[in-house]
Amino acid sequence: MEQRDFKHQTRGCLIGCIVAILLWSVATAQRYSISEEVHEGTAVGNIAKDLGLDKGTLKNRKYRIVSGDAHPHFRVNQNDGILYVNQKIDREEVCAQSSSCVINLKTVLENPLEVHYVEVEILDVNDHSPIFPEKETTLEISESALPGARFQLKPARDPDSGQFSVQQYKLSQNNNFRLEVREKRGDGKIPTLVVQKSLDREKAGSHALTMTALDGGKPPKSGTVNILVKVLDVNDNAPGFLKEIYSVTVKENASIGTVIIQVNATDLDDGPNGDVVYSFSKSMNQNTLNLFNVNELTGEITVKNLIDYEENDEFEIEIQASDKGIAPLTTEKSVFIKIVDVNDNVPAIEVTSFSSSIPEDSRPGTTVALISVNDLDSGLNGQVICSLNADVPFILSPSLKDKMFSLVTKSPLDREIQSQYDLKITAKDTGQPPLSSEKTISVVVSDVNDNKPEFSLSPYTFYVTEGNIPGASLFSVTASDCDENENAQVSYQVIRDGGEDNKFTSFLNINSESGDIIALKDFDFETVKTFQFQVVATDSGTLSLSNNVTVNVFILDQNDNAPVILYPLSSNGSAEGVEEIPRNVNAGHLVTKVRAYDADIGYNGWLLFSLLEVTDHSLFGLDRYTGQIRTLRSFTETDEAEHKLVILVKDNGNVSLSATATVIVKLVEPKEAFAASDVKSAARDDEDNNVTFYLMITLCSVSVLFLISIIMLIAMQCSKSTDYTSKYLQETNYDGTLCHSIQYRSGDKRYMLVGPRMSIGSTIVPGSHANTLVLPDRRRTSEEVRYSR
């Protein structure tokens, strides 16, 4: 039977060892060690080499340490994979007095995602000296104390750990006392003062001692405390506790004032020497003293402050019972308190490897961030379920590692519809009642170039006054792009294909950034009335997109042409002529007619005649609209035989231009007048043959076209008011100026620019130099433009 039990035990041990080895291989991480207080930049170890990573890919894969600390202790170089100290490390600050101080690092590589764990052990150095809580302590010892009587002293504290903590105590040379040191779990070495020789108060009422604490450094560091021992009279029985062991459990959410346990001690002495009072041992640390309280009379231990299971799950409290003798005797007893966990910690959410920006063309399943959750509670109180708010194109995918999740896209994204998502991550534990926490992260959808520029108008129509300044901005086009940054930066360009329709584009330039269009030359209405070109807008994306628009330009007339005298016109080209009339003509006789022409249109081409100079105002009159010169009365014998008339011809522009003609009127006898008239007519016919021929053609063409336009307008607009016509038609038989008209179409309206003879039923368009008429729509195409003179 014993042999069989031995075999079972052997087999169980073997299986246990195998399982332990497997668990060790799974849990083993790369481990390094380094002393505390080393300088920043000290190399710890080559992680890439030790983990078998290709250091040439570390930078592209964004190899880094994932840490929630605001000031991490370590950093990894992405170029060589070496782990360096990022700041000086104080082991006592990081691990207090723990025997082992290990900092666990989590390192991450992306694309593909890899997580490696690295452990760095912080080795202690002897940088602290032992320190006693008090510089001086006083003990009262009865003279009846037998040799071997023990009095516990307050131990020295050394923040260092291991061999650099307090290792021994020394007492100054004396004949009555010696030191004993015992080891206490969690508190290190506790010094006890032992009576070595019976005391005699009558010989020595007090003893002054010095106790020195030494650590294990080489050389050791030390601290001292002065001990004053006062010898009292006899009190020879110490209190004794009723139980050997005191143990209790309490929930961490126990309210302040809750009684945990009661200890009892008795003293065989009578009177004050037998009255027992309770207190905490002087060896207890301050943290424990802050959490518990003891009633000195009843021995009840109560909760003094809130207890946290996550900070400490068990306590060993030393209670000392003392009598009230003149030299009180004290007995100590340990009380073990075990803390029971309750669900009082909300889950903590940590976002690592967070890509705050993701392209809008990312495929579903793209990883945005790694989410880790942690709950300091234990059991069901520490198990966490993680979820994401609804109606977002993202999901949380559980990772192979416990309490790790991947935030990935679940559907396509469109930045133009929504450029940012505020994702609310909720972590909820399974405790009763459950606790939860939330964390909101913002994911920005970055732009890709998937929208082409759009012009604000299509097509554009602009009106430009002739005589513009070359190089000055005429007008501008504007296009916008729904994308952002470079993808939305639009540049403009004029399309120049060299065709006949685009011959004017060679005189145009466009500002590629603002869309302002300038002309390299001035336009002349008399040369060109309208032209068309195209502008293309292109964004600055990597794969640029573009769009174009048609621009229609109409040239508006301004008064830049002076009147031209057609008659009289002498052989040398000057506007001067001689007219011979009989002396016996009656009043109202037509002497001659001054004819003039202005290349402008509208008011700018409407000519008025006036007498600038005349020898006798009573003889001749000038019609201001027709240019006809007539006699105002019959001639007398006393009138001069020759008269000079200077006629001023000016247009009606804002800044009018003018020309002058000179007519010499000679009075002749009737017979001479008839002969001279025949000769002069023949000569004039020869001289003005060419001018008259072209003038007649021009007048006929303009008159026919103008009359046709007037007839059509009157037919379609006969019902409209004629209030405006009287302003311009001063005389029905006006024929002193060659009239001009130009018709064009913009949008759903037709316009006509006319001279002084406006059509009945036409409407003046405000803001168009008062010479633009809106004509009835005759369904002409938007490109149709008709010119006439």
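This is a predicted model: local features need pLDDT of at least 70, side-chain atom pairs count only at pLDDT 80 or more; totals for chains, interfaces and linings use all residues.
Over which residues does the pLDDT stay under 50, and how many contacts beyond four places in sequence does the model have for them? The stretch is residues 679-688, and the model has eight such contacts for it.

Residues are numbered from 1 along each chain as its sequence is written, and side-chain values use heavy atoms, with hydrogens and water left out.

**The chain as a whole**

The average pLDDT of the chain is 79, and 81% of the residues score at least 70. You'll find seven helices and 54 strands in the chain; these are DSSP runs numbered from the N terminus, with helices being H or I of at least four residues and strands being E of at least two. Out of 789 residues, 42% count as buried. Buried means under 20% relative accessible area, exposed means over 50%, and partly exposed is in between (1.4 Å probe, protein chains only). Take the contacts between residues at least 6 apart in sequence: 67% of them join residues at least 24 apart.

In soluble globular proteins, nonpolar side chains tend to be buried together. A nonpolar core is a set of buried Ala, Val, Leu, Ile, Met, Phe, Trp, Tyr and Cys residues joined through side-chain atoms within 4.5 Å. The largest one here has 27 residues, and those touching the most other members are Phe455, Val477, Tyr492, Phe531, Phe533, Val535 and Val551. Among the strands that each supply at least two residues of this core are β39 (530-539) and β40 (546-556). Once you set aside neighbours within four places in sequence, Phe531 is in contact with Phe504, Leu508, Phe523, Val551, Asn552, Val553 and Ile555. There is also a second, separate core of 26 residues, including Ile261, Val294, Val335 and Ile339.

Val250 counts as buried, at 10% relative accessibility. Not counting residues up to four places away in sequence, Val250 touches Ile337, Lys338, Ile339 and Val340. Val250 and Ile339 are 89 residues apart along the chain, yet their C-alpha atoms are separated by 5.2 Å. Elsewhere, Val578 in strand β42 (residues 576-582) counts as partly exposed at 35% relative accessibility. Its C-alpha atom is 5.9 Å from that of Val665, 87 residues away along the chain.

**Rings and charges**

Rings of Phe, Tyr and Trp (its six-membered ring) pair if their centres lie within 6.5 Å; planes under 30 degrees apart count as stacked, over 60 as edge-to-face and the rest as tilted. By this rule there are 12 aromatic pairs. Here are two tilted ones:

| Pair | Centre to centre | Angle between planes |
|---|---|---|
| Phe132 and Tyr169 | 6.3 Å | 55 degrees |
| Phe620 and Phe635 | 6.1 Å | 55 degrees |

Phe132 is in the loop between β7 (114-123) and β8 (136-142) and Tyr169 is in strand β10 (residues 166-171), so this pair ties together parts 37 residues apart in sequence. Phe132 and Tyr169 are both buried. Phe620 and Phe635 are both buried too. Ring pairs also link Phe455, Tyr460, Phe462 and Phe475 into a cluster.

A charge sits over a ring if NZ of Lys or CZ of Arg is within 6 Å of the ring centre and within 35 degrees of the ring normal. Lys521 has its charged end over the ring of Phe507, 4.6 Å from the centre. Lys529 lies over the face of Phe525, at 4.6 Å from the ring centre.

**Backbone details**

Lys218 and Pro219 are joined by a cis peptide bond, with omega about -5 degrees. Another cis peptide bond joins Tyr567 and Pro568, with omega about 0 degrees. Asn111 has a phi near 55 degrees, a positive value in a residue other than glycine, and Asn111 is exposed at 66% relative accessible area. Asn485 has a positive phi near 55 degrees, and Asn485 is exposed at 53%.

Definitions and conventions: Contact means heavy atoms within 4.5 Å. pLDDT is the predictor's confidence in each residue, from 0 to 100.
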